[in-house]
Structures are given as C-alpha cells and as structure tokens.
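Here is a short briefing to read alongside the model. Take a moment with the sequence and the 3D view, then follow the topics below.

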Amino acid sequence: MKIPAVKGTRDFYPPQMAVRNFIVEGWKAASRRSGFEEYDGPIFEYLSMYQMKSGEEIVEQLFSLTDRGGRQLAIRPEMTPTLARMVNQQIHTLPRPIKWFSVPRLCRAERPQKGRLREFFQWNLDIVGAEDVLADAEVIFCAVDYLRSTGLTAQDIVVRLSSRRLLAALLKEAGASEEQLAAIYGVLDKKAKVPAEAFEAMLQGAVPSDQTRGRILQIMNSQSLDELEPKTSEGKDAMEELRRLFSLLNLMGIGDYAQFDIGVVRGLAYYTGVVYEIYDRGALLRAICGGGRYDNLLKDFGGPAVSATGMGMGDCVLEILLREKGLLKDENLPTRRLDYYVVFAAEQWASEVVRLAAQIRLAGWACDFSYKGGNLGKQLKQADQSGAERAVILGEEFNAGKLIVKEMKSGRQEEVSTDEFLASLKRV
Ligand code: HAM
C-alpha cells in the first residue's frame, strides 16, 4: 500500500509549491514595503508557554510531545508567544518600536475543513513598543496593502473591527464581572461559528443572570458605533480610540475596506484592545486574517509591561479566495524558468553539452539539458517542454568554433561563434 499524507496536511508538488511561494513572496514584499524586518523561531517550544496565555481552544488543539529528557513540548500552533519570548530576551537592546514579520509553519489539531488544516503557513506582522493606535493602523494597512496587491478590492474583502476594551466596558455596564470576561469572550467568539441554540446554552453557562444575558445580547446586536454609548471613562476612551483608528485608515486610503463589527471578539485569550478579522465580503469562508492589541503578554511572560499589536494571516483561506476570484494566474506563479537548454545534433558532442551547460550555469543563467540525449528533434521537443527561452545546438559547426542559438518562441535561429556566445553570458 502506498503511504498517504497525514490527515489535515498537504504535499506541495511543484505546482502547489509555486502557489505557496507566490503567496509567501507577496507577504514578504508587503512587509518590507511597510518597514518590517523578518525573524523566525523554533518549530517547537515548551508546552507551558501555550498553556499560559493562548486560551483553552488552542491548548486543546496542540500537537504535544515529551522529549527524551522528559520535557513537555508542543509544535507551535501560533507565533505570538514565540515573538513575546524572543522580544523579552532582548527587550533592553532592541530599538523600539520593534516592527517584525515572520512566515512560520504552524500546526493545530483542528477538525480539517474548508480553509482550516492541521498544518499551514501564517504571515505574522507585529509592532512592539508603540502604544498609539497608529501602530494598529499600520499593521492593518500592511495586511490590506498585500491583499490589494493580489488584485482583491474593497468589494471582495472587509476588515471587521472592534475593541475588547470597549466590549469589556460595555459588558461590565451590563452586569458582568471582571472574572467572567474571559469566558464571555470565548463564547461570543463562537457566535457566528455554532448553531444559535448551542450559542445560547454556552452563554447561559458563562452568564447565569437572565438580565445580564439580555443586555449582552442587545449589545451584540448593535450595528454601528453610534448605537453604543459607553458610560464609563474607560468605555469612552476605547470608543475614541476606535474612532481614531477609522480616521487613520481613511487617511491611509483604505477606509473603504474597514467596518465596525461588535461581533469580532477573537478566540485567543491575550487580546486587550483593538481586535479585527478580515473576511471575504460574502462571508462564505472562514477568516482570512485575525489580530489585535495585546498589552500584557510580554509582562505575563516575565518581561516589562510593553504594549504590542499584530496579526496573523493563513495561506489556506487566502488561496481559496484568490482562486475563486481568478487571481492565481499561471504566468504570475514563480515556477522553474530556464534561460537555456543545450542539445546536441550527434552523440559525439554529448560531453560538450555537459561542459557548456555547466559554463552557462557558472555564468549565472538557468540552464538544463537532456540526460538521455536521443535525436535532435527529440531533444528540441524536450527543450520546448522545459519552457526554456533558448536552445543552444551543438552540431557540425561546433568543430569550426560555432554553435546555433534558437529562440524557442519565435523559432528564429542564429549561428554564433562559441567565444562570442560565452562572452555574451557575462552580465553587464
Ligand atoms: P488566529 O486567529 O488564531 O490568530 O489565526 C490567524 C489566522 O491564521 C486565521 O485567520 C487563519 O487565516 C489562519 N489559521 C488559523 N488556524 C488555521 C488552520 N487550522 N488552518 C489554516 N489556517 C489557519 C493568531 O494565530 C494570532 N497569533 C495572530 C496574531 C499575531 N495576533 C497578534 N499577532
């Protein structure tokens, strides 16, 4: 029996790898356009790191293991704890604000479904040490800048924004206690993802009081910021911060991508302020991206109280959306591109083909040749199938110091001296 890939994982054959590279290269280019620097960390960490602050849901989805020294480890399900740990290690020497990006391979033992797998790639953008909401706007801008660069427009995608700080103030006004908040966030995050009865039962579990629950449901039905009127100064500040975020996004020219949505709460436990998720406009797919401000994570990991904000965008939903919108065009995908394919007209030049191909490569050009050889027609067919731009033919004239260069597309061919050809390989 042939061995299949493990459930929820993908094999990246060259065509799939080209798509992945296309996505990842776009992420990296957008990060650099906005001034982020790349970092990476280990693929596994201490299990306890995720148990501390990521929240119940992600802990249930961990791939964990015990190493031979008895250490409890887990494959990383997200990057933010690693980032917090790494920044904490060098917090006094890193110039702030720290603007970092990464594209880690992550694993979560989720139930595989459309857009959710057990192994995926996730673009992370984070800014540490900038308290102002301008940093949140910068992260959102960079994510939208990337999505826009793929051809997605404000008609295709939407950034749904809210604030945990605002929600916390409103929930407390509704009668919830500080201790209940974390559980309520967990339930509210599930609202759009589970059937109505299941949601109501979960909310009842987190908030036993009928009156408080009624008020919470009323808050969650609000359609705009104007409908919400926080009474406490904390609530008013959070509201003001959100309004400023919207005006910054307008200033950056991406206001039409953003929309207030009190229903965006986020599943992870560490968010403390602005939160957002990016969706396809039809909301037919799972979230493309999620992020927000997390002001306590570094402190909780033993560092100083430094504010941070960031987002993660997975490759799975994104790829589905790009495909649906016809934005994954073959000609844009970074596949193998050969400049030259060297062929011989008769067996006697077989070793010269090897020598010349090596010289072409050493000069910095992409070049290949047939290992089997065969007649010239067969080799030229292979040259054509390889997608090479030019074929270099070694025939009779090679003995007179000449070879033939054939442009594969036009079929135009020219006899040139071997020395001239070699000289032409030197890039100016
Ligand atoms: P998250 O909402 O858990 O946030 O994940 C962010 C994105 O990663 C999702 O919107 C989705 O695109 C992708 N994603 C998550 N799970 C899967 C999965 N099983 N299969 C495929 N894609 C998935 C975080 O991970 C936060 N650490 C993001 C962040 C960075 N917050 C601040 N900085």
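This is a predicted model: local features need pLDDT of at least 70, side-chain atom pairs count only at pLDDT 80 or more; totals for chains, interfaces and linings use all residues.

**The ligand and its shell**
- Which residues come closest to the ligand? They are E78, T80, L117, D126 and Y271, out of 25 residues that surround the ligand.
- The shell around the ligand is made up of eleven nonpolar, eight polar and six charged residues.
- Three strands, β7 (119-128), β11 (289-293) and β12 (308-314), each contribute at least two residues to that shell.

- E110 places a polar side-chain atom 2.9 Å from a nitrogen atom of the ligand.
- Y270 also takes part through its side chain, where an N or O atom is 3.0 Å from a nitrogen atom of the ligand.
- At C289 the backbone is involved: a polar atom there lies 3.4 Å from an oxygen atom of the ligand.
- How much of the ligand does the protein bury? On its own the ligand exposes 660 Å², and 96% of that is buried by the protein.

**Domains**
- The protein chain splits into domain 1, covering 14-331, and domain 2, covering 340-424.
- Taken over C-alpha atoms, the centres of domain 1 and domain 2 are 53 Å apart.

**Backbone points to look at**
- Most peptide bonds are trans, and most residues other than glycine have a negative phi.
- The peptide bond from R96 to P97 is cis, with omega near 0°.
- You can find P97 in the loop that runs between α4 (80-89) and β5 (98-102).
- R266 is not a glycine, yet its phi is positive, near 80°.
- Look for R266 in the loop between β9 (258-260) and β10 (274-280).

Definitions and conventions: Residues are numbered from 1 along each chain as its sequence is written. Side-chain values use heavy atoms; hydrogens and water are left out. A residue is near a molecule or strand if one of its heavy atoms lies within 4 Å of it. A polar contact is a pair of N or O atoms within 3.5 Å; within protein, one must be able to donate a hydrogen and the other to accept it, and residues adjacent in sequence count only if both atoms are side-chain atoms. Accessible areas come from the Shrake-Rupley method with a 1.4 Å probe; for residues, only the protein chains shown count as cover. Helices (H or I, at least four residues) and strands (E, at least two) are DSSP runs, numbered from the N terminus. Ala, Val, Leu, Ile, Met, Phe, Trp, Tyr, Cys and Pro count as nonpolar, Asp, Glu, Lys and Arg as charged, and the others, Gly among them, as polar. Domain bounds come from an automatic or database domain assignment.
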